[in-house]
Amino acid sequence: MIKFDRFILKNGLTVIVHSDFSTPLVAVNVLYDVGARDEHPDRTGFAHLFEHLMFGGSVNIPRFDEPLENVGGENNAFTSSDITNYYITIPRVNLETAFWLESDRMLSLAFSKKSLDVQRNVVSQEFNQVYLNQPYGDLWLLLKPLAYKVHPYQWNTIGKSLDHIRQAKMKDVKAFFKKYYCPSNAILVVAGNVTTPDVKKLTQKWFEPIPSGKKHKRDLPVEPKQTKERKKTVYRNVPYDVIYKAYHTCARTDPEFYTNDLISDLLSNGKSSRLYQSLVKKKKLFSEVNAYLSGDIDKGLFIVTGKLLKGVSMKDAELSIDTELQKICKKKVDKDELQKVKNKIESTLIFSELSVLNKAMNLASAELIGNAEDVNTEIEHYLTVTPEMIQEQAQLVFKKTNCSTLYYLSKNNQ
Amino acid sequence: MEILNRTKQPKIFSINNVTLIKPSDYTLDNGIKCFAFSAGTQDLIKIQFAFYAGSSHQKKALSAFSANKLLTEGTTKFSSEEIANKVDYYGSYIELMAEKDMAYVSLYTLNKHIKSTLPLLEDIIKNSIFPEHELTIFLKNQKQEFITNSEKVNFIARAKFNEFIFGSEHPYGANAILSDFDKIKSSDLKSFHKANYHANNCFIVLAGSVNQEIIKTLNCSFGGTDWKLKTVQSSIKIPAIKTNEAKNYLIKKEKAVQSSVRIGKVLFNKTTKDYHGLQVLNTLFGGYFGSRLMMNIREDKGYTYGIGSAIISLHQSGYFFITSEVGVDVCSKAIEEIYKELKKIRTEKVKLSELTTVKNYMTGSFLRSIDGPFALAERFTSIYEYGLDYEYYENLFQTIKTITPTKITELAEQYLNENSMFELVVGNKK
């Protein structure tokens, strides 16, 4: 049970407060409702580049990290297809510094040329380090455009190409900020050794004077239903073959989400899971297998993937995956097995409440997609999933015509 | 009404003392020392067994690692699949970790299921049999992962660097090679397990919602003489450290767009007097985002996505290293800057304001590192295994608060001279 208070400032900023006096720290989480899906198809990678720029100095504060480090605070951020999320953990005594910093960069960035140049380079290095210089690094750069032809989920947060980032101009950066980085488009969560009256005072002082901006309306193109199976084969300088199967599935906000999540757990959560036992231990076709949801806010993907053992044919490997997926479609899951994955979910949720930062992030994302109170009702949704629901969803999702398969093959095996 | 001044940082409060929560301690009937942190808001518990069973205790490559990982793959009572089903059914989790000095076996469970999950932990620690067919599957999968990792510049750099500074014969420099995966047998694991996973060779740390009932149950399961070692084995003789003669090395990887760089040397461990001072020096130099390395090589020059330095403490020794992945076209320039920063830190006295920022940052880090039952347990384990007590943290805190710029320069001069470093580049250097 995560107890919290919610209030909305005059400028539209939603503020959520959760008290936890077992820690001397406070987590301050600012979620902006903007992600890679909001980018222009010719200017991708922007939301992520912007995340970097947010640390390059705001209008009144030349450096973000130093004043924070000076009070024993720590911070980081991440960008996804849906959101950009910034978080600070700080000792309670110096909480006001976090408010000073976050509110100033919500107010306006410094927009220095040097900052843009440096971060462009840093992001380019990140592109190299993560996507190009690692074996299998470019896998998702290939899989997403295979599964999505229309919806912006077709590109990754790093962007379609380094050129988009290299060509980013200051005026584009400023326009992006104006549109998305405003109080009416943000959710602030403060969790830890705080009381609601304290937070109210601080937010009224630091955040309320910021002009509200406009809550932007999303009007994204809808991905048309996939009607034919899609396949793509690439050869790379990697030691082993890998297969990725992406099935279209529901949105995070759809009621079927919980059923889908439990299906992924039945398939690959823990050593007793179906794919692990059948494909890794018994049939010995893979060294690793995985099944998981993308968790996207709009209609996302159900991913099934495996790393083939040397000498195994792709045909046999793929057939074994299909056989397991057919099993869950054809035969209703038994009571005990379903109870097992429900117990695992319950355990995960309880463990996740150990961390004040985790709680803050969960409250923020729950508030974004619906209502922060959902963090407390999540478990109920999982517990009410029935074997019939599992079977129905599996049959809906695991259709060949709904699948995009990437065969990522080793050059050396050919 | 006060006009809001956004240019001025709000008042800063310094943290002058920190209360370190210490564990309750118990001794099981057979002498095993047991420590409990009862804290946190949740009705769950982590039970960790710390065995002196890391790779420095093995005679044959991969023994320590494999013996640890295969604990859950079959006992005298249950098969691998049965164990997996039971552990998963209760939403519990068994964490297995083997490092250079220590090996850990931890159970994470909700309190309401502990009567069902603790017996599983007992079974895998005492009765593991390392079935040959399970070992075969494990080795095949590990071998595959090893081959994939061997393509990554930072994986190669990490392994090879330690080999160069400690020597390939020394446990801290030894790395598994491909043929090792074909040589290890179930009998090797059985004998390693017998020699190292016993009551005379471990201590236990509990964290979460701990009560007397749980300690009693723990004593019932683990406090017997059944798993005490009957005959004490002679400890393994550790060879001398043998640092590579050459001062720098390039391992070429064609087609690499980034190089992994490691620069460093053998140093000492946390029982040494200067260790705390080194921790402050290291943080200032490359241990946080505002460090000399980050500010120069990432934020100013944009040569890398990340650069840092670290001091590592091991039971028998320790080491210092700087690490980064840099574009091949800027590799030489980045390395030049690293040496510039090494020279600067020992020849130019640090400004008081910069040192103060580091001290404040480290105080916050310290607070974070003792926040919550799991963090408290980790802090404890990491000193107890060295035979140290909480004086270690009191000294660390005092050092953070009182160290001077002069002392920083002294330490840099004594320990981090750029000419005493070993340099390794994996990738390419243009």
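Visitor: What makes residues of α2(B) count as buried?
Guide: A residue is buried if 20 or more other C-beta atoms, placed from the backbone, lie within 10 Å of its own. In α2(B), B:Ser80, B:Ile83, B:Ala84, B:Val87, B:Asp88 and B:Tyr89 are buried. The model is predicted: local features need pLDDT of at least 70 and side-chain atom pairs count only at pLDDT 80 or more, while totals for chains, interfaces and linings use all residues. Residues are numbered from 1 along each chain as its sequence is written, and chains are lettered from A and ligands numbered from 1 in the order in which they are written.

Visitor: What do the buried residues of α2(B) pack against?
Guide: Contact here requires C-beta atoms, placed from the backbone, within 7 Å. The partners are α12 (335-352) of chain A, together with β4 (93-98), α3 (114-127) and α4 of chain B. Helices are DSSP runs of H or I with at least four residues, strands are E runs of at least two, and numbering starts from the N terminus.

Visitor: How many residues does each chain bring to the contact?
Guide: Chain B gives 53 residues and chain A gives 57 residues. On the side of chain B, elements including α2 (80-89), α4 (132-149) and α12 (352-369) each supply at least two residues. That side of chain B divides into 20 nonpolar, 21 polar and 12 charged residues. Ala, Val, Leu, Ile, Met, Phe, Trp, Tyr, Cys and Pro count as nonpolar, Asp, Glu, Lys and Arg as charged, and the others, Gly among them, as polar.

Visitor: What makes β2 and β6 of chain B a pair?
Guide: Two strands pair if DSSP finds at least two bridges between them. Strand β2 (residues 33-38) and strand β6 (residues 202-208) of chain B are joined by 5 bridges, so they meet that definition. The two strands run parallel, and B:Phe35 stands opposite B:Val205 in β6(B).

Visitor: Why are β1 and β4 of chain B at the edges?
Guide: The open sheet of chain B has 6 strands in the order β1-β2-β6-β3-β5-β4, with mixed pairing. β1 (24-27) and β4 of chain B each have a single partner strand, so one side of each is left without a neighbour in the sheet.

Visitor: What makes a nonpolar core, and which residues of the largest touch the most other members?
Guide: A nonpolar core is a set of buried Ala, Val, Leu, Ile, Met, Phe, Trp, Tyr and Cys residues joined through C-beta atoms within 7 Å. In the largest, of 69 residues, A:Ala27, A:Leu188, A:Val189, A:Val190, A:Ala360 and A:Leu363 touch the most other members. Another core, of 58 residues, lies apart from it and includes B:Phe51 and B:Tyr89.

Terms used. Two residues are in contact if their C-beta atoms, placed from the backbone, lie within 7 Å. A residue is buried if 20 or more other C-beta atoms lie within 10 Å of its own, exposed if 12 or fewer, and partly exposed in between; C-beta atoms are placed from the backbone.
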